[in-house]
Structure formats: C-alpha cells, structure tokens
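Dear colleague,

I am passing on the structure below, together with my notes on it. Please read the notes with the sequence and the coordinates open beside them.

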Amino acid sequence: MAMTQAVVGGALAPAFSIICETAHDEIEREALLDRVMGPKRRLKSSEALRRDRVPAEGLAFVARDADGFMIGSVRLWDVRLGEGGPAALLLGPLAVETALAGRGVGAAMMRHALAEARRLEHAAVLLVGDAAYYERFGFSASLTGALAMPGPYEAERFQALEFRPGVLAGASGTLEASGRLIAARAGAHGRVV
C-alpha cells in the first residue's frame with residue numbers, strides 16, 4: 001500500500017493511503033460520516049438508493065493516515081437509469097475528516113474511485129454534489145437533463161460523468177437502485193427476514 005501526500009494551496013496533507021474498504025471499516029466509516037456530514041445525511045435522496053444495498057463490487061474505498069486512522073471514505077453504488085434503463089454508478093458520499101478539508105485528500109480519493117470505475121468498464125457515474133467541486137473531475141449537470149433522483153434534490157447539483165461518450169444521451173426517468181442487497185439475517189424456520 002503506497003502512501004500519498006497532497007499539496008493544495010501550499011498546505012501539505014499528511015501522508016495517507018487509499019485502500020479498499022473492508023467489513024471491519026463499518027463502525028469507523030459511519031462515525032466519520034456522522035462527524036463530517038451529520039445525522040441528516042440519512043435523509044438525502046441519494047440515501048434512498050443506497051439503503052439496504054452494498055456498494056458496487058470493488059468500488060468502496062477509505063483513506064488512512066500513516067498511523068492507520070481513517071481520514072476519508074468514498075463509495076460507488078449500482079443504479080439503473082430509469083425503469084429498466086442502462087446501468088450506471090452513483091457516487092457518494094465522499095467524506096474527508098474536517099481538519100483535512102481542502103488539502104487534497106478528497107480529490108485523490110475521487111481520482112482513485114473514478115479510475116477504478118473506468119478500469120472496471122462502467123459506463124457513467126452520477127452524483128448529487130457541489131458543481132464547483134465536481135466539475136474539475138468532468139462532472140456536468142447538462143448530462144442529467146432527462147434523469148431524476150427519487151425524492152427532493154437540487155437539479156443543478158445532480159451531475160454525471162460519462163466514460164463512454166453519449167451513453168446518457170437517451171437515458172430518462174428516475175434512478176433506481178440495482179445493487180446487491182445486504183445479506184439479511186435468517187429468521188425462524190430459516191426464512192430470510
């Protein structure tokens with residue numbers, strides 16, 4: 001695992017590594033997301049697409065500093081572009097420890113996650129986020145015109161990035177979750193509950 005350092009505006013981020021998330025990261029990741037985004041993060045429209053699902057295969061990452069502390073997290077999720085539409089990914093949340101905001105950790109995580117999604121031959125990535133931040137990675141609200149999120153969202157924050165040019169041209173409708181469900185616990189009589 002290679003350590004990375006980012007310099008942004010003269011501020012040096014601590015050395016960190018970006019690695020695949022494991023099952024052991026859950027409690028620490030959830031605590032990081034609560035600190036950075038607050039409890040209202042669970043009420044967002046994107047959360048409806050993530051609920052009871054696991055991230056897309058090979059597309060959940062954490063950043064750890066040299067001491068092993070989690071300082072960032074990003075995950076991508078399998079979705080469909082409208083009912084029965086083509087497959088795509090939904091990115092989020094991207095979170096970086098507040099004390100390290102603006103020091104390149106989030107940008108490094110975005111570049112890593114997008115490179116992996118492209119390597120795995122996904123067609124497009126969508127997200128709901130700050131246009132000024134995500135434009136530098138190639139995201140644009142102009143690509144989501146005929147698409148919608150399930151629930152309230154700000155249209156100018158709903159953006160996409162195509163890995164295959166034109167893949168979103170005919171896509172329309174509301175995004176639907178299509179990823180694998182979290183393994184349910186077996187209840188009485190061996191039924192899944």
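What follows covers conventions, pockets, aromatic rings, cores and a few backbone details.

The model is predicted, and for that reason local features need pLDDT of at least 70 and side-chain atom pairs count only at pLDDT 80 or more, whereas totals for chains, interfaces and linings use all residues. Residues are numbered from 1 along each chain as its sequence is written, and side-chain values use heavy atoms, with hydrogens and water left out.

Pockets

A pocket here is an open set of points on a 1 Å grid over the protein atoms alone, where a 1.4 Å probe fits and where protein lies on both sides within 12 Å along at least five of seven lines; lining residues have an atom within 4 Å of a point. Grid points are joined across faces, edges and corners, and a volume is the space filled by probe spheres set on the points. Helices (H or I, at least four residues) and strands (E, at least two) are DSSP runs, numbered from the N terminus.

The largest pocket has a volume of about 820 Å³, and of the 37 residues that line it, Met37, Leu94, Val128, Gly129 and Tyr134 lie nearest its centre. At least two lining residues come from each of helix H1 (26–37), H2, E7, H3, E8 and helix H4 (131–134). By residue class the lining of the largest pocket holds 19 nonpolar, 8 polar and 10 charged residues, where Ala, Val, Leu, Ile, Met, Phe, Trp, Tyr, Cys and Pro count as nonpolar, Asp, Glu, Lys and Arg as charged, and the others, Gly among them, as polar.

The second largest pocket has a volume of about 530 Å³; it is lined by 25 residues, and Arg29, Arg53, Arg75, Trp77 and Ile182 are the closest to its centre. Two or more of these lining residues come from each of H1, H2 and strand E5 (70–81), and H1 gives the most, with 4 residues. The lining of the second largest pocket divides into 9 nonpolar, 2 polar and 14 charged residues.

Aromatic rings

There are 4 aromatic pairs in the structure, a pair being two rings of Phe, Tyr or Trp (its six-membered ring) whose centres lie within 6.5 Å, with planes under 30 degrees apart counted as stacked, over 60 as edge-to-face and the rest as tilted. Tyr133 and Tyr134 have ring centres 4.9 Å apart and planes at 85°, so this pair is edge-to-face. Tyr134 also pairs edge-to-face with Phe139, at 6.0 Å centre to centre and 75° between the planes. Through ring pairs, Tyr133, Tyr134, Phe137 and Phe139 are linked into a cluster.

In terms of accessibility (buried is under 20% relative accessible area, exposed over 50%, partly exposed in between, with a 1.4 Å probe and protein chains only), Tyr133 is partly exposed at 23%, while Tyr134 is buried at 10%. Phe139 is buried as well.

Nonpolar cores

A nonpolar core is a set of buried Ala, Val, Leu, Ile, Met, Phe, Trp, Tyr and Cys residues joined through side-chain atoms within 4.5 Å. The largest has 29 residues, of which Leu91, Met109, Met110, Leu114, Val125 and Phe139 touch the most other members. Strand E3 (16–20), E4, E5, E6, H3 and E8 each supply at least two residues of this core, and H3 gives the most, with 8 residues. Not counting residues up to four places away in sequence, Phe139 is in contact (heavy atoms within 4.5 Å) with Met110, Leu114, Val125, Leu127, Tyr134, Gln159, Ala160 and Leu161.

Backbone details and a buried glutamate

Most residues other than glycine have a negative phi, and most peptide bonds are trans. A cis peptide bond joins Gly92 and Pro93, with omega about -10°, and Pro93 is found in the loop between strand E6 (87–91) and strand E7 (95–96). Asp52 has a positive phi, near 65°, and sits in the loop between helix H2 (45–50) and strand E4 (60–65); Asp52 is exposed, at 52% relative accessible area. Glu121 likewise has a positive phi, of about 65°, in the loop between helix H3 (105–119) and strand E8 (124–128), and is exposed at 61%.

Finally, Glu47 lies in helix H2 and is buried, with a relative accessible area of 17%. Glu47 touches Arg41 and Arg42, not counting residues up to four places away in sequence.

With best regards
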